[in-house]
Amino acid sequence: MNQVTLHIGTTKTGSTSIQSFMAANRERLAEQGILYPRSLGEVPHNAIPVFLQGRQRQTQLQETHNIRTQADYEKFERRVQAALAEETAAHPDKHIVISSEHMHSRCTTPEHFARLKTLLAPALEGRRLRIVVYLRPQIDHAVALYSTMLRHGLEEDVDSFLARHMHPPKRGYFNFRKLLERWGREFGPEVLEVRAFAAAKGLPHGVVSDFAALLGLDPEAPGWEQPERENTSMGIWAAGVLQALNSGETGVELPPHADFRLRQWLRNEVPPGKVLPGLDTARAFQKSFAGGNKWVAAQYFKDRPGALKVDWTPFEAPPLQPQQDVSPEALIRLAETMMYCGKPAPERWVRRWWRRLFGSEEEAQAASAPAPLPRPESSPSGSGSPG
């Protein structure tokens, strides 16, 4: 199939899962006539947003490409353009799939689009273009994004975060009408394939199933490697801890290695969840996009009028208390990691932590999952205590 499928996000709609699926199954996809280029990135195609920037800047994305000077950037430009041209020329009969959710927010000006067209020109030669974009209600999108921004150092609470994004210039991030008009103006509205994230979530493998079907694949067929869920949102307890760390309100400055381990633990050990704003704030935020969403629904969701409809039930429920969000086991693992480098701590040390955090061992067990807390099989040399 002589086609290029360009997946542009939006963010927080399963892009990481899509990219992980494509990368994990690259060889099998090639056998079925689909090229997921390595020249733009091994998993996400993050060379694209770097290329769009047009010059050297102090950004995390550029650091991952070892760009520290303007000369480095110009070398990167030449390398990526040549590599993509060579890779696509070697597979003239392949359906090319390119995925970077950063295009949703970082391809916004005529200059950005001009650079994107220059980069993609070899891939598009002799192929028709399809642009795939997933949308979800703005309030759901923003709640998920809040967790990501906390991981990048955000200091404010979720209500303040939403209030700031109801007004220019931050408002544009969630303005789906302007997003679709912008891409339609540059490439033609007929190439846009606008998908409802809510509908895709209900499929066996979520958005991966939906995207694979768009490529003409059977995602339920045996042999596909399905990625684990990644980049999940944080619950109220983990988000509160991270916000306190970012803002410095704890009054404690952790050594770099301890700060790293604590953030890693918050990401990997604490169960995922959601940090929800107050109902009034959430409704006001969503209402601010009502006009644009009406246009989007009329243009792209005529047969799915509820595609951008919000389920307000979670926002109306009382928020989870911290003890419902993290278990004693997870706290003990944190303490072991911080003080014993991940090795099992002495059993008497663990019991002391139970008593200090939960009042008694019995209360700790009652507050935790049904399974009893496993005892460490061995202790590291020496003994320690929480002080």
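Predicted model: local features only at pLDDT ≥ 70, side-chain atom pairs only at ≥ 80, totals over all residues.

Colleague: What makes α7 oblique to α10?

Modeller: Helix α7, residues 110-124, and helix α10, residues 176-187, pack at an angle of about 50 degrees, and their axes lie 11 Å apart. Angles under 35 degrees count as roughly parallel and those from 65 to 115 as roughly perpendicular, so α7 is called oblique to α10. The crossing in which α7 passes α10 is right-handed.

Colleague: Why is L192 called buried?

Modeller: The relative accessible area of L192 is 9%, and buried means under 20%, so L192 is classed as buried. L192 belongs to strand β5, which covers residues 192-196, and in the chain as a whole 47% of the 387 residues count as buried.

Colleague: Which residues are in contact with L192, leaving aside its neighbours within four places in sequence?

Modeller: They are I131, L180, W183, G184 and Y300. For Y300, which is 108 residues from L192 along the chain, the C-alpha separation is 9.2 Å.

Colleague: How do you know what share of the contacts in the chain join residues at least 24 apart?

Modeller: Among contacts between residues at least 6 apart in sequence, where contact means heavy atoms within 4.5 Å, the share joining residues at least 24 apart is 76%.

Key:
Residues numbered from 1 in each chain as written. Heavy atoms only, no water. Buried < 20%, exposed > 50% of the residue type's maximum accessible area, 1.4 Å probe, protein only. Helix = DSSP H or I, 4+ residues; strand = E, 2+ residues; numbered from the N terminus. Axes fitted to C-alpha atoms, helices over the stretch in contact; angles between N-to-C directions. Parallel < 35°, antiparallel > 145°, perpendicular 65-115°, else oblique. Left-handed = near helix turned anticlockwise from the far one by under 90°.
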